[in-house]
Amino acid sequence: MRPVDFDDAETYEPDDGWRRVSMAGSDQFSFEWFEKPPGHSSPMHDHENEQVCLCLEGELTVATEDDEVTLEKFDSVLLESDEPHRVENTGDELAVGLDVFAPGRSFDFWTDRDE
């Protein structure tokens, strides 16, 4: 067993107010808890990992090159491997979510990427 205490977990803040916390996971899958301020959007990006984005609080709009969906509390969406997408807080309050990635990944995806 490998527990992760939330307050001691690895944390990454790519932009002001956009915080990600690495939760328990493995090379096979990983969980990242995140919060986004109103109006914040990740850049359009893709990755080899399949991703499930689950909205825990607020409102998140997930857009691909062909479609978009707005998630509210407990709604989720599957993004396929290498599918370009962005996640935006389109609500008026802080949005909180959980991303699940398979295979697992680290914050190196954000820290080592070329803009």
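**Aromatic rings and their neighbours**

Analyst: F31 is partly exposed, with 27% relative accessible area; buried means under 20%, exposed over 50% and partly exposed in between (1.4 Å probe, protein chains only). The model is predicted: local features need pLDDT of at least 70, side-chain atom pairs count only at pLDDT 80 or more, and totals for chains, interfaces and linings use all residues. Residues are numbered from 1 along each chain as its sequence is written, and side-chain values use heavy atoms, with hydrogens and water left out.

User: How many aromatic pairs does a search of the whole structure find?

Analyst: Rings of Phe, Tyr and Trp (its six-membered ring) pair if their centres lie within 6.5 Å; planes under 30 degrees apart count as stacked, over 60 as edge-to-face and the rest as tilted. Here the search finds 2 aromatic pairs. F6 and W33 are edge-to-face, with 5.0 Å between centres and 85 degrees between planes.

User: Are F6 and W33 buried or exposed, or in between?

Analyst: W33 counts as buried because its relative accessibility is 16%, whereas F6, at 31%, counts as partly exposed.

User: Which residues form the other pair?

Analyst: F29 and F31 do, edge-to-face, at 5.6 Å centre to centre and 90 degrees between the planes. F29 is partly exposed, at 38%.

User: Which charged end sits over the ring of W18?

Analyst: A charge sits over a ring if NZ of Lys or CZ of Arg is within 6 Å of the ring centre and within 35 degrees of the ring normal. For W18 it is the charged end of K36, 3.9 Å from the ring centre. R105 likewise lies over the face of F101, 3.8 Å from the ring centre.
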